[in-house]
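Please have a look at the model first, and then read on.

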Amino acid sequence: MQEHIKKKKESQARQIWRRFKKNKIAMAALVVLAIIVLAALTADLFWDYQADACDINIPMRLQKPSKEHWLGTDEMGRDMLCRIVYGARASLTVGIFATTFALIIGGALGAVCGYYGGRLDNIIMRCTDVLLSIPGLLLAIAIMSAFKPNIFYISLALGISYISKFTRIVRSAVLTVREQEFIEAARAIGAKDRTIIFKHVLMNCMAPIFVQYALAIGSRILSVSTLSYIGMGIQSPTPDWGNMLSGARAFIVGRPYLVLGPGIALLLTISAFNLIGDGLRDAMDPRLKK
Amino acid sequence: MGINTNLMLEIKDLVVEYRTEDEIVQAVNDITLWIEKGKSLGLVGETGAGKTTTALSILNLLPETTGFIKHGTITLDGDPIIRMDEKGNSVAAMDDSDMQKVRGKKVAMIFQDPMTALNPIFTVGYQIAESVKLHQKCSSQEAEKRAEEMLELVGIPAGRKDDYPHQFSGGMKQRVVIAMALACNPSLLIADEPTTALDVTVQAQVLEMIKDLREKFGTSVLMITHDLGIIAEMCDEVSVMYAGSIVEHGNLEDIFDKTRHPYTQGLFNSLPNINNRMSRLKPIRGLTPDPANLPMGCAFADRCDYVTERCRFEKPVKKWLSDSHFVACHLYEDGKDESKL
């Protein structure tokens with residue numbers, strides 16, 4: 001009897017995944033991203049980081065694409081493909097760290113603002129307004145000029161400039177959930193504020209948060225490349241798409257593939273994150289439930 | 001009345017205000033009510049009469065920035081929840097963490113709309129188990145087992161505990177809400193229009209269930225409704241609320257057979273009569289007064305067929321007609337228990 005009435009049970013995550021799979025473009029983006037991540041993770045199997053990606057090898061400089069160097073070599077004689085793959089490591093790491101940092105701080109602030117409201121909300125939101133009024137990149141440059149340019153500080157700088165966006169998004173999501181009756185019901189069974197905020201409220205705001213998270217990673221990757229391009233980010237010889245572009249700039253006429261390589265890598269990665277974000281938004285919107 | 005140790009809930013002279021930037025709304029206006037242990041009280045009244053506000057006051061869950069208890073005391077099973085301080089203001093008698101222990105454990109509330117009272121992203125079993133875990137020291141397995149028991153008790157197969165709220169129908173959801181409310185064996189159950197959002201056939205089932213469970217566990221019930229039929233079915237005593245005040249109170253017989261207040265009379269006249277299908281319904285004319293701007297005298301004066309000059313500038317006081325029955329109406333000033341309607 002129990003067997004008969006046992007229906008197909010689907011968790012929320014599975015439902016979202018099922019709907020996400022239907023979105024061809026988002027799936028393609030996911031595949032591209034998976035390839036990039038996989039390449040970054042397995043790079044050590046094909047190259048030696050120090051010798052191939054960092055050490056200067058002047059006799060080999062500015063080689064055209066060949067069997068040995070698929071994408072040619074740069075002005076220091078280093079293999080371009082190797083540097084692009086290792087560059088993905090820096091970009092992805094900073095992108096994910098910076099966004100996660102911004103999400104944790106901004107999310108917590110936004111949740112508290114949205115749930116409690118009142119004066120605290122006012123104070124925190126005015127502070128984020130101040131933060132928002134400073135252009136993000138400028139803020140990151142200002143912070144970077146005070147610290148050593150390593151991955152930790154770059155993540156921090158790029159994260160701080162994104163906190164206010166997360167605060168706003170989480171706050172507005174919390175505001176709508178807070179008014180729902182099940183929150184009152186949770187209070188009526190004696191749940192603590194902390195439990196209510198983190199379990200009942202935030203878990204119901206996951207859709208916009210996830211979407212923003214995916215989009216923000218793309219934006220942070222672009223920012224880290226920008227920082228590196230102007231020399232405030234990841235420093236040569238550590239490979240990064242930004243500083244590679246900066247180095248290849250001088251040869252854009254004779255050797256355009258030197259700019260195209262890291263440029264296309266950036267384009268693919270950022271588009272992948274944006275498309276995944278869009279796909280998630282569609283998959284998580286219950287109104288599109290079929 | 002003195003201290004009666006047999007009272008589950010005692011609300012005395014309660015005044016609740018909602019303050020917004022441009023007006024003060026008197027939602028509850030000096031009400032007194034009590035429920036004996038194991039009994040059930042029906043609170044009847046129109047939309048906006050202050051029924052839900054009264055219920056939320058008991059849990060001290062009024063909206064923090066706008067709702068204020070201005071006056072009065074609330075005592076639950078001998079423990080004060082709202083008390084008066086030396087200056088004559090009402091203050092919460094418990095701190096937040098003590099109050100959280102009362103909510104759900106001693107007093108549980110069934111909300112009006114089961115569609116929104118359950119969190120859509122957790123399974124129903126999990127949500128029932130959560131309320132158990134909040135109040136009883138027990139392992140997750142025990143809590144889950146209790147959740148299964150509760151589901152069976154309200155007539156849902158325990159196998160459905162891993163389903164999400166959207167997989168249930170409205171009536172089933174209300175059963176889940178009831179299971180959640182009863183999971184910790186509360187001494188007082190507040191049912192805030194538990195059947196308003198359900199269709200009629202399901203209403204009967206849910207009410208029957210609440211009744212059974214009440215008898216089984218000896219829970220006291222505060223039944224908030226605007227349906228006199230439910231009152232007749234479920235309650236021992238009735239308080240009729242109008243514009244934030246209780247205008248008539250009595251046991252079932254007092255209210256249904258010896259109706260005294262013109263407003264209560266009006267409520268009965270608005271119901272179709274099954275014995276005389278040709279008779280026209282007689283609605284109460286007019287609207288409830290704006291609670292931000294209550295009249296000086298009796299709040300019902302403008303709608304009352306028996307209004308006198310006195311009603312307009314003097315508030316009627318409670319008049320006990322018998323041990324169980326009181327009415328607040330100038331018609332009964334002489335204290336004689338005979339209908340003037």
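## Cysteines

Is B:C235 buried or exposed? B:C235 is buried, at a relative accessible area of 5%, where buried means under 20% relative accessible area, exposed over 50% and partly exposed in between, using a 1.4 Å probe and protein chains only. Across all chains there are zero disulfides, a disulfide being a pair of cysteine sulfur atoms within 2.5 Å. B:C298 is in no disulfide, and its nearest cysteine sulfur, which belongs to B:C311, lies 5.9 Å away. B:C298 also counts as buried, with 15% relative accessibility.

## About the model

This is a predicted model, in which local features need pLDDT of at least 70 and side-chain atom pairs count only at pLDDT 80 or more, while totals for chains, interfaces and linings use all residues. Residues are numbered from 1 along each chain as its sequence is written, chains are lettered from A and ligands numbered from 1 in the order in which they are written, and side-chain values use heavy atoms, with hydrogens and water left out.

## Chain A as a whole

Chain A has 13 helices and zero strands; helices (H or I, at least four residues) and strands (E, at least two) are DSSP runs, numbered from the N terminus. Along the principal axes, the C-alpha atoms of chain A fill a box of roughly 75 × 55 × 30 Å.

Of the 290 residues in chain A, 45% are buried. Among the chain A contacts with a separation of 6 or more, 72% join residues 24 or more positions apart, contact meaning heavy atoms within 4.5 Å. A:R18 sits in helix 2 (residues 12-22) of chain A. A:R18 counts as partly exposed, at 32% relative accessibility. In sequence A:R18 and A:A283 are 265 residues apart, yet their C-alpha atoms are 8.2 Å apart in space.

## Helix pairs in chain A

Two packed helices are described by the angle between their axes and the distance between the axes. Helix 5 (residues 80-116) and helix 8 (residues 151-178) of chain A pack at about 35 degrees with their axes 5 Å apart. Here axes are lines fitted to C-alpha atoms, for helices over the stretch in contact, and angles run from 0 to 180 degrees between N-to-C directions. Helix 5 of chain A passes helix 8 of chain A in a right-handed crossing; a crossing is left-handed if the near helix is turned anticlockwise from the far one by less than a right angle, and right-handed if clockwise. The contact of helix 5 with helix 8 of chain A has 24 nonpolar, nine polar and two charged residues. In these classes Ala, Val, Leu, Ile, Met, Phe, Trp, Tyr, Cys and Pro count as nonpolar, Asp, Glu, Lys and Arg as charged, and the others, Gly among them, as polar.

Helix 9 (residues 181-188) and helix 10 (residues 193-201) of chain A pack at about 145 degrees, with axes 11 Å apart. Helix 9 of chain A also passes helix 10 of chain A in a right-handed crossing. On the helix 9 side of chain A, the residues are A:F182, A:I183, A:A186 and A:R187, and they meet A:I196, A:H200 and A:V201 of helix 10. By class, this contact has five nonpolar, one polar and one charged residues.

## A helix pair in chain B

How are helix 4 and helix 6 of chain B oriented to each other? Helix 4 (residues 124-135) and helix 6 (residues 170-182) of chain B pack at about 20 degrees, with their axes 8 Å apart. They are therefore roughly parallel, on a scale where angles under 35 degrees count as roughly parallel, over 145 as roughly antiparallel, 65 to 115 as roughly perpendicular and the rest as oblique. Helix 4 of chain B passes helix 6 of chain B in a right-handed crossing. B:V124, B:Q127, B:I128 and B:S131 of helix 4 make the contact with B:V176, B:A179 and B:M180 of helix 6. This contact between helix 4 and helix 6 of chain B has five nonpolar, two polar and no charged residues.

## Buried places in chain B

Helix 10 (residues 262-269) of chain B has six of its eight residues buried, so it is largely enclosed by the rest of the structure. The buried residues are B:P262, B:Y263, B:T264, B:G266, B:L267 and B:F268. They pack against helix 8 (228-234), strand 10 (237-242), strand 11 (245-251) and helix 9 (252-257) of chain B.

B:R260 is in the loop between helix 9 and helix 10 of chain B, and counts as buried at 7% relative accessibility. Not counting residues up to four places away in sequence, B:R260 touches several residues, including B:E248, B:H325, B:D337 and B:E338. B:S239, in strand 10 of chain B, counts as buried at 0% relative accessibility. Leaving aside neighbours within four places in sequence, the contacts of B:S239 include B:L41, B:V44 and B:E248.
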